[in-house]
Amino acid sequence: MTDSLFSPLTLRETELPNRIMLSPMCQYSAEDGVATEWHHVHLGTRATGGAGLVMAEATAVEPEGRITPGCLGIWSDEHAEALAPTTDYIRSQGAVPAIQLAHAGRKASHAPPAEGSGAIPADTERGWETVSATDEPYPHAEGDEAATRRLSTAEVEGVVDSYRAAAERALDAGFEVAEVHAAHGYLLHQFLSPVTNDRDDEYGGSFENRTRALRETVAAVRDVWPDDKPVFVRISATDWIDDRDSWTVEQSARLAPLLEEAGADLIDVSGGGIHPDQEVPSIGPGYMVPNAERIREESGVPVATVGKITEAEHADALVRNDRADLVALGREMLRNPYWPLEAAHELGEDVEWPVQYRRGTFD
């Protein structure tokens with residue numbers, strides 16, 4: 001029988017009720033990294049709206065790993081306790097709660113978009129020192145850069161330990177899926193890409209060395225994550241930089257089975273973010289799908305795809321045609337938290353709306 005958008009997906013012993021995932025999206029609404037009522041309502045509403053997997057935003061494993069002062073964190077028990085009521089609610093709606101564990105690296109210590117997204121100097125009250133695989137700061141056209149320090153070999157190992165500790169807290173908070181964020185130019189992507197990795201230790205140089213930090217991080221998360229629950233990894237399939245040595249979809253396809261060997265169950269495929277010089281192709285519905293499809297075909301590892309997917313028939317076709325195992329929606333789910341329920345109605349799927357909403361007709 002052909003799978004569809006509303007077919008369950010089982011990874012290890014965890015079953016997602018459908019193939020729709022709320023993509024992790026920063027909300028810039030945390031207080032010292034602690035979740036607020038905004039996060040509870042934002043994530044809970046998408047669970048009520050019918051998403052099979054509800055993914056919390058990039059959640060920093062260390063205070064210095066936040067993109068902005070308003071980003072979510074999970075470096076203490078207080079952070080985990082604040083998220084527990086939300087995971088309980090997500091589960092009560094029949095969805096699976098997930099969390100993206102992250103470290104921004106040299107893209108940390110920035111203002112939120114509403115304040116211009118500029119770098120916040122480390123010597124100011126709201127700023128902090130940023131770290132990376134390199135000592136080159138993330139370049140801004142206006143010259144507004146956050147001074148960056150290259151991590152020592154021992155410090156890289158410390159970051160891996162921070163991911164392990166964060167995964168333990170995420171489990172205590174009730175999350176059932178942990179996703180390691182290695183995309184969009186953040187720290188683990190900074191190790192993967194030759195654009196940013198200029199190291200000469202065991203974490204730099206060759207493909208094996210550049211992928212080491214990510215592989216060790218996935219293994220560390222897998223080590224503390226229950227055997228019956230899946231681990232995801234989000235990657236940028238390509239840097240979209242062709243005029244220099246960069247990260248490519250060929251390398252991503254080569255990496256996928258190594259991540260599976262380290263303990264990953266699904267690759268969440270996105271793209272770009274490593275450098276402003278990227279040249280993104282024409283952005284249309286499903287523009288990232290070909291990269292996800294290629295990684296899936298060449299590696300055999302399940303994938304999620306994302307990118308301007310807004311129509312129910314399009315999302316359904318991606319699953320039916322074996323182009324992706326999971327479809328992640330971002331901005332469309334911001335516009336319409338009930339997109340999954342409406343998509344089911346449009347596709348003729350037998351999906352029940354919440355009992356509180358069952359009065360009347362939706363035709």
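User: This is a predicted model. At roughly what angle do the axes of helix H1 and helix H2 cross?

Analyst: H1 covers residues 37-48 and H2 covers residues 77-92. Their axes come within 9 Å. Angles under 35 degrees count as roughly parallel, and H1 is therefore roughly parallel to H2. The crossing angle is roughly 10 degrees.

User: How many residues of the contact of H1 with H2 are charged?

Analyst: H1 contributes His39, His40, Leu43, Gly44, Ala47 and Thr48. H2 contributes Pro85, Thr86, Tyr89 and Ile90. They divide into 5 nonpolar and 5 polar. The number charged is none.

User: Which side chain of opposite charge is nearest to Lys229?

Analyst: Lys229 sits in the loop between helix H6 (212-224) and strand E9 (231-236). It is buried yet has no salt bridge. A salt bridge needs the nitrogen within 4 Å of a carboxyl oxygen, and the nearest side chain of opposite charge is 4.3 Å away. That side chain is Glu176.

User: Which residues are linked with Arg12 in a network of salt bridges?

Analyst: Lys229 touches Arg12, Arg222 and Asp265, among others. Those three residues form a network of salt bridges. The partners of Arg12 in the network are Arg222 and Asp265.

User: How many residues apart in sequence are the parts that Arg323 and Glu293 tie together?

Analyst: Arg323 forms a salt bridge with Glu293, with the closest N and O atoms 3.1 Å apart. Arg323 lies in the loop between H9 and strand E12 (326-329), and Glu293 in helix H8 (residues 289-299), so the pair ties together parts 30 residues apart.

User: Asp325 meets Arg296 in a salt bridge. Is Asp325 buried or exposed?

Analyst: The N to O distance of this pair is 2.9 Å. Arg296, in helix H8, is partly exposed at 21% relative accessible area. Asp325, in the loop between H9 and E12, has 11%. Buried means under 20%, so Asp325 is buried.

User: How far apart in space are Thr310 and Leu329, C-alpha to C-alpha?

Analyst: Thr310 is in the loop between strand E11 (303-305) and helix H9 (312-320). At 25% relative accessibility, Thr310 counts as partly exposed. Beyond its neighbours within four places in sequence, Thr310 is in contact with Glu332, Arg335 and Trp339. Thr310 and Leu329 are 19 residues apart in sequence, and their distance in space is 7.6 Å.

Key
Residues are numbered from 1 along each chain as its sequence is written. This is a predicted model: local features need pLDDT of at least 70, side-chain atom pairs count only at pLDDT 80 or more; totals for chains, interfaces and linings use all residues. Side-chain values use heavy atoms; hydrogens and water are left out. Axes are lines fitted to C-alpha atoms, for helices over the stretch in contact, and angles run from 0 to 180 degrees between N-to-C directions. Helices (H or I, at least four residues) and strands (E, at least two) are DSSP runs, numbered from the N terminus. Angles under 35 degrees count as roughly parallel, over 145 as roughly antiparallel, 65 to 115 as roughly perpendicular and the rest as oblique. Contact means heavy atoms within 4.5 Å. Ala, Val, Leu, Ile, Met, Phe, Trp, Tyr, Cys and Pro count as nonpolar, Asp, Glu, Lys and Arg as charged, and the others, Gly among them, as polar. Buried means under 20% relative accessible area, exposed over 50%, partly exposed in between (1.4 Å probe, protein chains only). Lys and Arg count as positive and Asp and Glu as negative; His and the chain ends are not counted.
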